[in-house]
Amino acid sequence: METHAEDDGCSGPDEYLMRAGYALGADDGCIADARHHAVAFLDRARSELRLPLPARVRDLTQLVVSELVTNARKYAPGPVLMELRITAGRVDVVVWDSDPTVPAARAANPGRIGQHGLEIVKAVAEDLFVEQEAVGKRITARIALAEAPGSGAPAARALM
């Protein structure tokens, strides 16, 4: 993970074509709500922008949303904010929470029960950035719309 500062996606070929923000509730149902928002956002991008969005992107976006929002709900008191952004080449999933602690992926351990969320996100995302804010932190996971040539499916490659 790295700190994200200069490439904000607001100019050039990476210009955001669409973005939407969501304030998520304080209950565990907000995780399902976040996934539903992500699907609706991608459906809107496909229909309004005519972007080709493979099922892989939809599945990975829901997975990343679920993992990041679950972590925010589990470890941070207070509200969780989610922003979804799309360019011609990627989807950004941005989750803000009030806990300033920067998360760290743990070493892979197939015997460990739970606490694999950040490992999973790192494995399927093109990039992962953490920004400390005046209050809390913002985590951005980038999901490529197209697979890198010769890479195979990211989720299958990462979980083998």
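The points below describe a predicted model of a protein, moving from its overall layout to single residues.

1. Overall layout. The protein has 160 residues, and 42% of them count as buried. Its secondary structure comes to four helices and five strands. Read from the N terminus, the elements follow the order β-α-α-β-β-α-β-β-α. Among contacts between residues at least 6 apart in sequence, 66% join residues at least 24 apart.

2. The sheet. The five strands make an open sheet in the order β1-β2-β3-β5-β4, and the pairing is antiparallel. β1 and β4 are the edge strands, each pairing on one side only. On average, neighbouring strands of this sheet are turned by 15° against each other, with direction ignored. α2 packs on the sheet, where it touches β1, β2, β3 and β5. The direction of α2 makes about 10° with that of β3.

3. Strand β2 and its two partners. β2 covers residues 80-86. On one side, β2 pairs with β1 (residues 18-24) in the antiparallel sense over seven bridges. In that pairing, Met18 stands opposite Ile86 of β2. β2 also pairs with β3 (residues 90-97), again antiparallel and over seven bridges. Here Val80 stands opposite Asp97 of β3, and Leu81 has Trp96 of β3 as its bridge partner. β2 and β3 form a hairpin, with three residues between the strands. Six of the seven residues of β2 are buried, so this strand is largely enclosed by the rest of the structure.

4. Strands β4 and β5. β4 (residues 127-132) and β5 pair in the antiparallel sense over six bridges.

5. Two packed helices are described by the angle between their axes and the distance between the axes. The axes of α1 and α2 come within 9 Å and cross at roughly 150°. The crossing of α1 past α2 is right-handed. On the α1 side, the contact is made by Cys30, Ile31, Ala34, Arg35, Ala38, Val39, Leu42, Asp43 and Arg46. On the α2 side, the residues are Val57, Arg58, Thr61, Gln62, Val65, Ser66, Val69, Thr70 and Arg73. By class, this contact has nine nonpolar, four polar and five charged residues.

6. The loop between the two helices. Arg50 lies in the loop between α1 (29-49) and α2 (55-75). The phi of Arg50 is near 60°, a positive value in a residue other than glycine. Is Arg50 buried or exposed? Its relative accessibility is 69%, and the cut-off for exposed is over 50%, so Arg50 counts as exposed.

7. In soluble globular proteins, nonpolar side chains tend to be buried together. In this model the largest nonpolar core has 37 residues, of which Val69, Met82, Ile86 and Val93 touch the most other members. The elements giving two or more residues to this core are β1, α1, α2, β2, β3, α3 (117-124), β4 and β5. Leaving aside residues up to four places away in sequence, Val93 touches Thr61, Val64, Val65, Leu68, Glu83, Leu84, Ile139, Thr140, Ala141 and Ile143.

8. Ile139 is found in β5 (residues 137-144). Why does Ile139 count as buried? Its relative accessible area is 8%, and the cut-off for buried is under 20%, so Ile139 is buried. Residues up to four places away in sequence are again left out of its contacts, which are Leu68, Val93, Val94, Val95, Pro103, Leu128, Phe129 and Val130. Leu68 is 71 residues from Ile139 along the chain, and their C-alpha atoms are separated by 7.9 Å.

Key: Residues are numbered from 1 along each chain as its sequence is written. This is a predicted model: local features need pLDDT of at least 70, side-chain atom pairs count only at pLDDT 80 or more; totals for chains, interfaces and linings use all residues. Side-chain values use heavy atoms; hydrogens and water are left out. Buried means under 20% relative accessible area, exposed over 50%, partly exposed in between (1.4 Å probe, protein chains only). Axes are lines fitted to C-alpha atoms, for helices over the stretch in contact, and angles run from 0 to 180 degrees between N-to-C directions. A crossing is left-handed if the near helix is turned anticlockwise from the far one by less than a right angle, and right-handed if clockwise. Contact means heavy atoms within 4.5 Å. Ala, Val, Leu, Ile, Met, Phe, Trp, Tyr, Cys and Pro count as nonpolar, Asp, Glu, Lys and Arg as charged, and the others, Gly among them, as polar. Two strands pair if DSSP finds at least two bridges between them. A nonpolar core is a set of buried Ala, Val, Leu, Ile, Met, Phe, Trp, Tyr and Cys residues joined through side-chain atoms within 4.5 Å.
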